[in-house]
Amino acid sequence: MRSIKLLRVFICLAILFSVCGLIYASDKEEEVTLVFWWWGETELQGLTGWLDDTIAIFEEEHPNVTVEATLLDTLSVFSDFPTASAAGEPPDLQFAWNGIYVMEWAWLGYVEPLDEWIPKNELKHMIATPLSNFKGKQYRAGWYLFGHGWLYNKSLYQKAGVPESLTPPKTWDEWLEVCQILKDAGITPISLGTQDQLVGDWLISLFLIQQLDSIRDPIKLCVGELRWDDPRYYEYWVRIKELWDKGYINDDVSSLELYQAQDLFTKGDAAMTIAVGTIIPAMEKALGRENIGVMKTPTFGVGKLAEKDISYTQGVIISPGSKHKDLAAEFIRLMHREDRYNALWDDLGAIPADDRFNPNKIDDPLIRETWNWVENSTIYVGDTIPWAILGEAAYVGCQELFAGMKSPRELGEKAQRLAEQWREQNPDMLQNYFDWLEGLSD
Amino acid sequence: MQNTKLLNYNYGNFFKYLLIILASLVCIYPLFWLITVSLKTQAQYLASKFSLPWPLYFQNFISAVDNEKFFLWFMNSGILTVGSVALCTIISLLAAYAIVFMSFRGKQIIMNSIISLMAVPIVVMIVPLYILFVRIHLMSTYPGVILIYSAVCIPFSIYLLTSFFKSLPGELLEAAIIDGCSNLKVLSKVIIPLSGPPVLTLIIVNALWVWNDLLIALVFLPRTDMRTLMVGLTVFKSKFNLDVPLTMAGLLIVSLPMIIIYIIFQRYFIRGLISGALKG
Amino acid sequence: MILRTKKFTPYIYLFPAILILGLIYGYSLVRVFDFSTRRIRGITGVFIGLDNYKFVISDPVFRKAVLNNINLFVLIPILVFLAIIISYLLFEQLRGWKVYRGVIFMPYILPIPVVGVIFGYMFTLHGVVNSFLKLVKLDFLAIDWLGSPKFALWTLMIIILWKELGFGIILFLARLMSLEKEIFESAEIDGAGWWGKLFYVTIPQMRTIIEFFAIITVINMLSWVFAYSYTVTLGGPGDATMVMELFIFNKLGRSQLPMPGIASAASVFLFSGTAVLIFFLFRIRKEIGQEET
């Protein structure tokens, strides 16, 4: 008896609540929440503050909109979006790396082409590189970008007696010479760390590119038009191994993580390290602006792209599942408004991915130099290789190389095997890669 | 004759002590090292990795705690631990009560299934649950993860409680029934007050498990502000790891709640782990 | 003592447990088979038969993972042996044995990620362990513990051993304490030495608990080493410390294009492996139950 009474009370309450809910909902129809899943604080410290400012401005200009920015970490920023999209609950805006990281999602229908939402004459300024385009549509807008190369310690160079003409080295032989001089002086020439595997992505992107004739080549390697086990395409491992075998890389490369290895450079224990441009301000603070220099990977390659520089562009995409694509596009346009892109530089020392930004504002000579790389840059190879291949071939591969588990040739064969396996496991993706390839020109 | 035996005896004893002390040293040294490093500055640490810290430097602990995220993660770990353990304890008490004191069909099957769940690898469940949670929007929520943690803790808890209930004298129950108590009353007024030690044991063992878990939190709480301490520690390790003493101070703080509970409740702790194994 | 209840009352009490176990365990154990036959994109995908199983079996990384899991079994005799010796020493109640017991059990309390990070630092090439070895002039032992594929798995085993030994000791100690004192006394009268007593009296008496511990450890080595591998080495260098759990995790979570189908197929393999062990576990439990009564 009592329980039936209780049940009645419950039902009444439930009806009451839902009625209230309906009234509330109809009253506040205008209220909109834009959800933005993002990443980037890890490589660009202070980005959170910039984003908060941008959101504040946006909310002021659109009083009915709340922007909910959720910072994801490196682990989940890429695995959660596709699943959420498939479940029909994607964020409105999502941070995205370049190349396959946009394209595979786009092919699955998780990314909205931006052309319909952002005026053409604005979109063309939002640098996203050709790797964000598919069948004539642009799927991603740039956010910020940076050069990718090497840092060297000028005072260590001097201490070891590296001649002025070799500062910094430009060809492979020069590099070896510099390393030998440093080594003879008891200085670790190069610091790298493979324990967390991340450096594999940087190595393949900075080295393999020199053996390529076209930005289409890495995709061809994966779809089977070129072969990974062709000596030309594992030559980059041979070069890296040469540095290692000659003792030019810190002996604990296998037991250090990326940032730990970088720290050897920061502390002045190593003369060179691989780095992204966003770290330069911190390095200048640690070692003194006059003590460090930036250099590109010395040239060894025979490919037409051997002389090219590497840069990276981070960006943002809109989900087709978003109910407010117009507002999401508005938000991207705000990110690219003059005051906002200038704030990226003024507040963080980061280069905005917008070609209306005046590079003369870059007063830091080192970052200025990396800006020149950006202008002369080509693709980032890591963005053109499906993860199933890249993760094993480059991330794990760099460990196998330094730990002596596989020779360069074996790594080439492994990548070839992985490419074949990938094609077999993802037949539904393969045609898209061919189509993508079709649209890419050098 | 007597003398040599005595000598042998002492000789043997010497080795026994040597062995046990050596084992203790090996077990405690990493923890000791953790503490010493956390009391050093980065410079002191780099100068010597295993010297004693002097002068003592407490700033690391302050810096570690003075971090918005750290506090957030601490809260998350706390909420998940308390929530899961509470839910699991209540559900297990009800179920164990029914299994031991009531008769119904399929009892043996239910009991056996529950026990065999204890050996199911948790990783086997993450793919289906991941997809399910995305579909029903339970990713990065407390209820979703509490559900998983409780489910994982329930089999062991039911198992432990049933073996304890079986050892309770039947007369107590009879008296209560004669007094006209309802079933729920018997549980709350008679059984539970008697179950202090095993329930405490359960709470401690499960709390240890939930607090220390990495895999589930890693998969089902992807949002940075929903991370637990263990995941935050692992994912963000490389960001902070340049300052080793700071990292170590963080590690120490993270482990502290369980170490304290262990020291206070050592008896229950050990008993719980053993009874899980011994009573059948 | 059985309460008299209405027919459905017991089920009401059991309902929450069954609901939650059904949802978490039941649902996922059924769905994992379904998912393993599909090429999942997002939340579902096309049926592709046994292809995922084929991919898993032909994947050298998975084969290496299985091998590594099996290699971890090396730990079992070591764990059992050390646990017996140390629990027996504690059982003799040497002066201060309770302190030793507390200390030796401490590693078991620490979270694996914490342990992983600490040992990660200690075992780097220029870390504490090697600095110490060089200090005592044992330079030849100062190897690249975690960076070398030859040693990485062994180093991982050392860490697991350090962490898990306490559990075995406590377990065995409890069993020893439940034994009748007379057994030892009569053995002593018969003139059995320390080792004699250990081998001919103690170990036979502890047979079932040793078997139990061994099976628990087998299950753990197959399905509960993720946190070690993930926090200490990420499965590296190369695939030297890859384990099945990490393989499954990577296929699900470490990509912008997750492969849940392949992860599910690998999960089914792992599940089948442990299912066999559950049978043994039941048998041992029964034996222990009989011994107790």
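Tutor: The centres of domain 1 of chain B and domain 2 of chain B, taken over C-alpha atoms, are 36 Å apart. Domain 1 of chain B covers 2–38 and domain 2 of chain B covers 63–278, with bounds that come from an automatic or database domain assignment. This is a predicted model, in which local features need pLDDT of at least 70, side-chain atom pairs count only at pLDDT 80 or more, and totals for chains, interfaces and linings use all residues. Residues are numbered from 1 along each chain as its sequence is written, while chains are lettered from A and ligands numbered from 1 in the order in which they are written.

Between the two domains, four residues of domain 1 of chain B are in contact with six residues of domain 2 of chain B; a contact requires that the C-beta atoms of two residues, placed from the backbone, lie within 7 Å. The side of domain 1 of chain B that touches domain 2 of chain B is made of three nonpolar residues, one polar residue and no charged ones. Here Ala, Val, Leu, Ile, Met, Phe, Trp, Tyr, Cys and Pro count as nonpolar, Asp, Glu, Lys and Arg as charged, and the others, Gly among them, as polar.

Now for confidence: chain B averages a pLDDT of 85, and 91% of the residues score at least 70, where pLDDT is the predictor's confidence in each residue, from 0 to 100. Over residues 1–6 of chain B, pLDDT stays under 50, and the model has zero contacts beyond four places in sequence for them.

Next come the neighbours of chain B. With chain C, 78 residues of chain B are in contact with 77 residues of chain C. Helix α1 (residues 9–35) of chain C brings 16 residues, the largest share of the side of chain C that touches chain B; helices (H or I, at least four residues) and strands (E, at least two) are DSSP runs, numbered from the N terminus. That side of chain C holds 60 nonpolar, 12 polar and five charged residues.

With chain A, the contact takes 11 residues from chain B and 18 residues from chain A. On the side of chain B that touches chain A, α6 (123–135) and α13 (237–240) of chain B each supply at least two residues. By class, this side of chain B has four nonpolar, four polar and three charged residues.
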